[in-house]
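Morning, everyone. Please have a look at the model on the screen before I start.

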Amino acid sequence: MMKLTKNIRISLYILIPIVLWMASGLFKNEKVVEVEEKSELFSVQTILSNAIEYQPLIKLKATTKSEARVDVKAKTSGEVVKIGATQGRFINKDEILCSLGIVELNRTEVKAPFGGFVEQIVKPGNFLERGQVCATIIQLDPISFVAGVPEYDINKVRIGQKVDVELVTGQSINGELTFVSKSASPDTRTFVVESQIPNPNGNVKDGLTANMTIEIDKVMAHKISPSILLLNDEGKLGIRVVTENDSAMFKEINILEDSEDGLWVTNIPEIVEIIVQGQGFVEDGQKVITNRL
């Protein structure tokens with residue numbers, strides 16, 4: 001009995017090291033496999049991007065338009081014996097523009113219907129028939145800046161938004177939108193918008209061209225480098241990001257502005273890890289090793 005026990009004990013002495021050795025080899029193999037699997041993952045460089053508040057702008061070509069332009073006509077026929085204004089002069093409402101020779105009582109005077117600048121007026125000695133123009137008056141206060149908003153931007157604009165205008169004359173004026181059309185032009189598919197601005201001295205002329213910038217609602221946006229952009233199989237423009245489980249994923253973007261120091265974009269999470277190097281060598285769903293810059 002003691003001999004058997006001793007033999008069993010000796011056998012265990014031999015068997016246990018063998019089992020331990022085999023077990024250690026098994027675990028060692030598992031570690032090798034794990035390392036090998038890890039070494040097969042593609043390494044990419046990333047940045048953690050946090051969205052910040054951004055002021056989008058809509059930039060348009062605009063034209064100045066006078067508040068009113070009227071041809072003041074004679075109500076009777078007769079010779080112009082006197083004029084009450086000269087071209088370019090401001091004239092007040094009801095001031096006499098043209099005095100005619102007496103033909104019909106109470107119709108010898110042609111008066112200004114409103115205060116404005118005289119654009120054109122007949123010379124004394126000319127004969128006016130009933131309905132002919134004595135003078136043309138233009139009202140410049142207020143002055144309107146008129147522009148066309150493309151249909152894809154019309155839902156972003158509304159009355160009251162801030163407007164900055166730069167005229168070709170070098171003048172810079174601030175105002176706000178005072179009119180947004182409800183109907184698009186059938187020819188250009190744009191919607192008319194206007195910014196009406198005080199112009200008491202008539203410094204802003206009628207018919208000038210200008211650059212109008214509309215400040216639309218602020219949004220949260222990221223600034224990225226154009227060099228990281230990709231096109232997916234559907235031809236959509238975007239970037240590649242790293243998901244929570246360390247997988248690469250394509251995200252379509254919406255470009256707000258292409259500035260000198262980068263692109264302002266939306267349509268991605270406010271906090272996102274963006275692949276900036278190696279994004280073209282990985283596919284959606286592929287596990288990656290990230291090296292954050």
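This is a predicted model: local features need pLDDT of at least 70, side-chain atom pairs count only at pLDDT 80 or more; totals for chains, interfaces and linings use all residues.

I'll go through salt bridges, then the pocket, then a surface patch.

Salt bridges first. Side chains of opposite charge can pair when their charged atoms come close. How many salt bridges does a search of the whole structure find? It finds 14.

Start with Arg69 and Glu119. Their side chains meet in a salt bridge, at 3.8 Å from N to O. This pair links distant parts of the chain. Arg69 sits in strand E3, Glu119 in strand E8, residues 116-121, and they are 50 residues apart. Arg69 is partly exposed, because its relative accessible area is 49%. Glu119 is partly exposed too, at 38% relative accessibility.

Next, Glu151 and Arg189. Their closest N and O atoms are 3.9 Å apart. Here both partners sit in loops. Glu151 is in the loop between strand E10 (133-150) and strand E11 (162-167). Arg189 is in the loop between strand E13 (179-184) and strand E14 (190-197). The two are 38 residues apart, so again, distant parts of the chain are linked. Glu151 counts as partly exposed at 46% relative accessibility, and Arg189 counts as partly exposed at 40%.

Third, Glu252 with Lys236. The closest N and O atoms are 3.9 Å apart. Glu252 lies in strand E19, residues 248-252, and Lys236 in the loop between strand E17 (230-231) and E18, so the pair ties together parts 16 residues apart in sequence. Glu252 is partly exposed, with a relative accessible area of 34%. For Lys236, also partly exposed, the value is 35%.

Back to Arg69 and Glu119 for a moment. Salt bridges with shared partners join them and Asp206 into one network.

Now the pocket. Rolling a probe the size of a water molecule over the atoms shows where empty space is left. The largest pocket has a volume of about 260 Å³. What lines it? There are 13 lining residues. Nearest the centre are Ile58, Asp153, Lys156, Ile216 and Leu256. By type, the lining splits into eight nonpolar, one polar and four charged residues.

Last, the surface. Leu231, Leu237 and Ile255 make a nonpolar patch of about 250 Å². Take Leu237, in strand E18, residues 237-242.

Methods:
Residues are numbered from 1 along each chain as its sequence is written. Side-chain values use heavy atoms; hydrogens and water are left out. Patches are made of residues with over 30% relative accessible area and no salt bridge: like charges are joined within 9 Å, nonpolar side chains (Val, Leu, Ile, Met, Phe, Trp, Tyr) within 5 Å. Accessible areas come from the Shrake-Rupley method with a 1.4 Å probe; for residues, only the protein chains shown count as cover. A salt bridge is a side-chain nitrogen of Lys or Arg within 4 Å of a carboxyl oxygen of Asp or Glu. Helices (H or I, at least four residues) and strands (E, at least two) are DSSP runs, numbered from the N terminus. On a 1 Å grid over the protein atoms alone, a cavity is a set of points where a 1.4 Å probe fits but cannot get out, and a pocket is an open set with protein on both sides within 12 Å along at least five of seven lines; lining residues have an atom within 4 Å of a point. Grid points are joined across faces, edges and corners, and a volume is the space filled by probe spheres set on the points. Ala, Val, Leu, Ile, Met, Phe, Trp, Tyr, Cys and Pro count as nonpolar, Asp, Glu, Lys and Arg as charged, and the others, Gly among them, as polar. Buried means under 20% relative accessible area, exposed over 50%, partly exposed in between (1.4 Å probe, protein chains only).
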